[in-house]
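Hello,

Here is the structure I promised to pass on to you. Have a look at it first, and then read my notes on what turned up.

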Amino acid sequence: MMFLYKKLSRFAARHVAKRYLNLGKQRGVVSFSFDDVPASACRLGAEILERYEAKGTFYVCGGLTERIEQSEMCHSVQDLQNLHAQGHEIACHTFSHTNCANTGLAALKADWKRNQDFFSRHQLQQTGFAFPFGAYDLPSKIAASRLFAYSRITGGGTQIGRADLNALRAQALYAQSTNADTILELIQQTATEGGWLIFYSHEVSPNPGPWGTTPEQLETALRIAKQLGCKVLPVAQGIEFFKLQG
């Protein structure tokens, strides 16, 4: 019975509790985001973005600070403070990298509060939220919408016409599984139709694991986005851009 309830809740979450942002048909936006925030994303990833006069969004789990995750050293507090000082967006990814679809609301809210406390303790401004694993159900989607300016999921593809601020869709930028043709096609579609493409990855390394990108792949995506006339903005700034266009 519980399995059926969870299945129905996840189905409902994809179809209700939506908060639409009109994207219009003007200039496309590409955003680059990093989940869990390995140290390499904070350092090499940010350096590459800044080379193209761009800023990114970094979804932080306070509980992963200076810990190893998927064989990668994660961020330090100094890394996050440096990103904030350089104008990048710092956002929430739960404190404990919690699967929100499998966690009761009381425990989930407590975990969010731990991350908020972590942000406050280190003078970091929290904006939006990304669901770990892209996993959410109806209660967690509604609860997140009441706490954060926006929530990001996974799902792939570019958003055209409108986007759900309670479940912004994002496209993996993984060296091992996202090919160059897919990157080019998605950015072309975004530029042509005035859409919004949000990339997400984890580490930035010459030899990344299955959920990371290489410096070359990240730089290629940035270069194409700039060449095709897209604005490259952190997620929160992307929202403000489309609101002004509307």
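Just after α2, E53 adopts a positive phi of about 55°. A word on the basis of all this: the model is predicted, so to speak of local features pLDDT has to be at least 70, side-chain atom pairs count only at pLDDT 80 or more, and totals for chains, interfaces and linings use all residues. Residues are numbered from 1 along each chain as its sequence is written, and side-chain values use heavy atoms, with hydrogens and water left out.

Helices and strands here are DSSP runs numbered from the N terminus (H or I, at least four residues, for helices; E, at least two, for strands). Helix α2 has 13 residues and spans 18 Å from its first C-alpha to its last, close to the 18 Å expected at 1.5 Å a residue; the expected span is 1.5 Å times one less than the number of residues. A kink of about 30° is centred on G45 in α2, the bend being the angle between axes fitted to the seven residues ending there and the seven starting there.

Which residues of α2 are buried? They are A39, S40, A41, C42, G45, A46, I48 and L49, where buried means under 20% relative accessible area, exposed over 50%, and partly exposed in between (1.4 Å probe, protein chains only). These buried residues pack against β2, β3, β5 (72-73), α3 and α7.

**Salt bridges**

I took a salt bridge to be a side-chain nitrogen of Lys or Arg within 4 Å of a carboxyl oxygen of Asp or Glu. By that rule there are seven salt bridges. E47 pairs with R51, their closest N and O atoms being 3.1 Å apart. Both lie in α2 (residues 39-51), four residues apart, about one turn of the helix. E47 is partly exposed at 45% relative accessible area, and R51 is partly exposed at 46%.

R51 also meets E219 in a salt bridge (3.3 Å, N to O). Since R51 lies in helix α2 and E219 in helix α7 (residues 215-227), the pair ties together parts that are 168 residues apart in sequence. E219 is partly exposed, at 21% relative accessibility. Together, E47, R51 and E219 are linked in a network of salt bridges.

In α8 (residues 235-245), K243 and E240 sit three residues apart, about one turn of the helix. Their side chains form a salt bridge at 3.9 Å, N to O. K243 is partly exposed at 48%, as is E240 at 43%.

A nonpolar core is a set of buried Ala, Val, Leu, Ile, Met, Phe, Trp, Tyr and Cys residues joined through side-chain atoms within 4.5 Å. The largest such core has 34 residues, of which F32, F58, I187, F199, L218 and L222 touch the most other members. Among the elements that each supply at least two residues of this core are β2 (29-36), α2, α6 (180-193) and α7. A second, separate core of 21 residues includes Y59, L168, W196 and F241.

F241 is also one of the buried residues of α8, together with V235, G238, I239 and F242. The buried residues of α8 fall within an arc of 160° seen down the helix axis, so they line one face of the helix; the arc is that of the directions from the axis to the C-beta atoms.

Best wishes

Definitions and conventions:
Contact means heavy atoms within 4.5 Å.
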